[in-house]
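Reader: I would like to learn how to read a protein model with some care, going from the overall fold down to single backbone details. Could we take it step by step?

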Amino acid sequence: MAQEELRSLRATLEALKKEGSVLETDREVNPKLEMTAIQKLLDGGPPIIFNKVKGYSNARLATNVMGSDRIIAKMFGFKDRKALKFKIHESILQPTPPKIVDKAPCQEVVIDKNIDVWPVIPMIQHTPTDPGRTLGGGKTVASPKQFWGGWHISYNRMNFREDLGWKDHSTFQISPGSHTDQIATKYYKKEPIPFTINMGIPPAATLMAGAGFMYTILPRGCDELGIAGSIQGFPLEMVKCKTIDAYAIAEAEYVIEGYLDTTKKVWESPLAEKDQKQGVYPFHPEWSGYMGKAYRTYQFNVTAITHRKDRPIYDPLIVHGYDNHNIDVICREACFFELAERISPGFCIDTHIPMCIPDWGGVIFQVKKRRVRDEGYPKNILAAALACSLGARFAMVVDPDINIYSPDDLLWALATRVDAKEGITIVAPGGMGQTFQPAERSSAGAKEWTQSNIKFSGAIGIDATVPHQYRDAFLRASYPIDVANLKDWFTDEQIAKAQSFQEPYAKWFSESGI
Ligand SMILES: [Mn+2]
């Protein structure tokens with residue numbers, strides 16, 4: 001794909017469409033439950049564009065845009081996910097700052113009077129237990145004035161409570177400890193905080209929006225949009241807002257301008273409000289793979305909605321699916337790699353966060369011990385990674401001969417290489433956890449299951465590396481796959497049929513001879 005096609009979401013989708021990597025339909029989709037059902041049925045598949053949305057004659061929905069890491073890599077011109085991750089790593093070290101422009105497609109239509117978000121943005125309902133349709137796919141951007149000179153981007157779910165007829169204000173969920181939380185703390189009860197909520201943005205910016213909680217590598221004041229610019233190869237364009245002193249992503253499809261009011265608290269769901277109970281009632285699934293819960297949040301007040309004129313695209317996504325996972329982890333993998341680099345340059349050779357961990361919940365490091373004195377580094381890296389990433393519960397360090405992209409092989413390393421007495425470290429027991437993980441939330445016991453009452457039992461760090469001096473004893477069994485060609489014995493059809501029974505792990509065995 002040409003670089004120019006990364007300029008906007010619509011240009012990217014157009015280019016992928018030409019390559020046959022997009023599913024497109026003109027059949028009307030109901031934003032209530034149908035879109036998430038279709039995305040879940042095709043979880044991990046290619047981008048899907050819905051050209052007709054029930055109740056919205058001038059809107060489109062796109063989902064699964066980041067569902068397949070093979071398609072994401074292709075989007076950015078890389079051969080695979082690993083190559084893209086190392087490009088992101090390079091971009092973290094050398095961002096390309098955003099450029100301010102005067103005119104922007106996202107402001108072709110400006111609504112700053114009689115604001116009503118409902119008829120404009122096709123918000124979706126995720127599951128039958130959700131409190132109606134909510135806005136989960138908006139990307140919050142904090143401008144330099146608010147973010148210590150840098151640019152911040154994140155997802156913050158919002159609920160324009162339909163049951164109460166809210167048209168121009170909503171709830172605004174902030175993960176405790178996040179950059180948005182740091183900003184809210186700075187302005188707490190002092191002044192309203194201007195944010196833009198950007199939808200349908202250039203893919204490089206989306207990749208940065210899920211990259212939270214590695215704040216030792218991406219500290220407050222860092223340039224997250226500059227990293228996006230460097231990933232796509234040219235600066236991301238930003239435009240001054242119409243109603244607030246802040247900026248929006250110029251190529252966005254939709255933008256909500258407004259203020260977060262930290263003096264006002266609102267409930268995310270009617271059930272939670274009725275019972276005055278946080279952390280109990282369902283609010284769409286979370287990245288951890290568990291059902292999310294409704295809380296009380298600060299109020300967000302909308303001052304304007306701006307959008308493109310021609311059928312703008314909203315890009316919501318199921319939470320806990322490959323789309324969401326890829327958005328959350330690829331930059332985080334690059335951040336964990338950089339963390340290891342700062343501890344011992346050249347020791348770590350790769351990092352990965354498989355879907356099963358998931359998202360912000362942990363990481364796998366692959367390292368290459370060069371000498372006996374490298375022996376202790378896995379423990380330093382495990383302690384640093386798990387202490388620095390709030391919400392992480394599990395990390396493991398493996399050798400170069402382990403396939404870190406195969407959860408099966410990681411389990412093999414866990415089963416065959418860990419010293420049960422010395423290899424398992426509990427990091428930060430009694431420390432701070434994160435409200436999305438039930439194992440941590442439940443540590444609040446009889447008290448309300450909110451962040452203030454949580455103390456978690458500690459994260460598990462596992463050193464699954466082989467002692468350097470005994471590495472020969474751990475040589476993996478291997479077979480001479482190159483001495484035979486299956487075609488000399490069987491027909492192509494027989495081979496294909498036989499291979500169709502092979503599990504992915506078995507396929508890797510046959511490719512590597514292991
Ligand atoms: Mn951030």
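Reader: Among contacts in the protein between residues at least 6 apart in sequence, what percentage join residues at least 24 apart?

Author: Please keep in mind that this is a predicted model. Of the contacts in the protein between residues at least 6 apart in sequence, 73% join residues at least 24 apart. The protein has 14 helices and 21 strands, and its radius of gyration is 24 Å, close to the 24 Å that the globule rule gives for 514 residues, so it is as compact as a globular protein of that length. Along the principal axes, the C-alpha trace spans about 75 × 55 × 40 Å, and buried residues make up 49% of the 514 residues.

Reader: Which domains does the domain assignment give, and how many residues does each of domain 1 and domain 2 bring to the contact?

Author: The assignment gives domain 1 (95-319), domain 2 (344-474) and domain 3 (481-512). The centres of domain 1 and domain 2, taken over C-alpha atoms, are separated by 31 Å, and their contact takes 15 residues from domain 1 and 18 residues from domain 2. Sorted by class, the side of domain 1 that touches domain 2 has six nonpolar, eight polar and one charged residues.

Reader: Turning to a sheet, what is the order of the strands in the open sheet of three strands, and which of them stand at the edges?

Author: The order is β4-β10-β11, and the pairing is mixed. Because β4 (99-101) and β11 (247-249) each have a single partner strand, they stand at the edges, and one side of each is left without a neighbour in the sheet. Neighbouring strands of this sheet are turned by 45 degrees against each other on average, direction ignored.

Reader: Where do the bridges make the pairing parallel, and where antiparallel?

Author: β4 and β10 run parallel and are joined by three bridges, whereas β10 (residues 237-240) and β11 run antiparallel, also with three bridges between them. β10 and β11 form a hairpin, with six residues between them.

Reader: When I go through the backbone angles, what should I expect of phi and of the peptide bonds in general?

Author: Most residues other than glycine have a negative phi, and most peptide bonds are trans. With that as background, look at the peptide bond from isoleucine 357 to proline 358, which is cis, with omega near -20 degrees. Proline 358 lies in the loop between β17 (348-352) and β18 (362-367). Aspartate 359 is placed in the loop between β17 and β18 as well, and aspartate 359 has a positive phi of about 40 degrees although it is not a glycine.

Reader: Is aspartate 359 buried or exposed, and where is the place of lysine 189, which also has a positive phi?

Author: For burial one counts the other C-beta atoms within 10 Å, with 20 or more for buried and 12 or fewer for exposed. Aspartate 359 has 26 such atoms and is therefore buried. Lysine 189, with a positive phi of about 60 degrees although it is not a glycine, has its place in the loop between α5 (179-187) and β9 (193-199). With 7 other C-beta atoms within 10 Å, lysine 189 is exposed.

Conventions
Residues are numbered from 1 along each chain as its sequence is written. This is a predicted model: local features need pLDDT of at least 70, side-chain atom pairs count only at pLDDT 80 or more; totals for chains, interfaces and linings use all residues. Two strands pair if DSSP finds at least two bridges between them. Helices (H or I, at least four residues) and strands (E, at least two) are DSSP runs, numbered from the N terminus. Axes are lines fitted to C-alpha atoms, for helices over the stretch in contact, and angles run from 0 to 180 degrees between N-to-C directions. The radius of gyration is taken over C-alpha atoms; the globule rule is 2.2 Å times the number of residues to the power 0.38. Two residues are in contact if their C-beta atoms, placed from the backbone, lie within 7 Å. Domain bounds come from an automatic or database domain assignment. Ala, Val, Leu, Ile, Met, Phe, Trp, Tyr, Cys and Pro count as nonpolar, Asp, Glu, Lys and Arg as charged, and the others, Gly among them, as polar.
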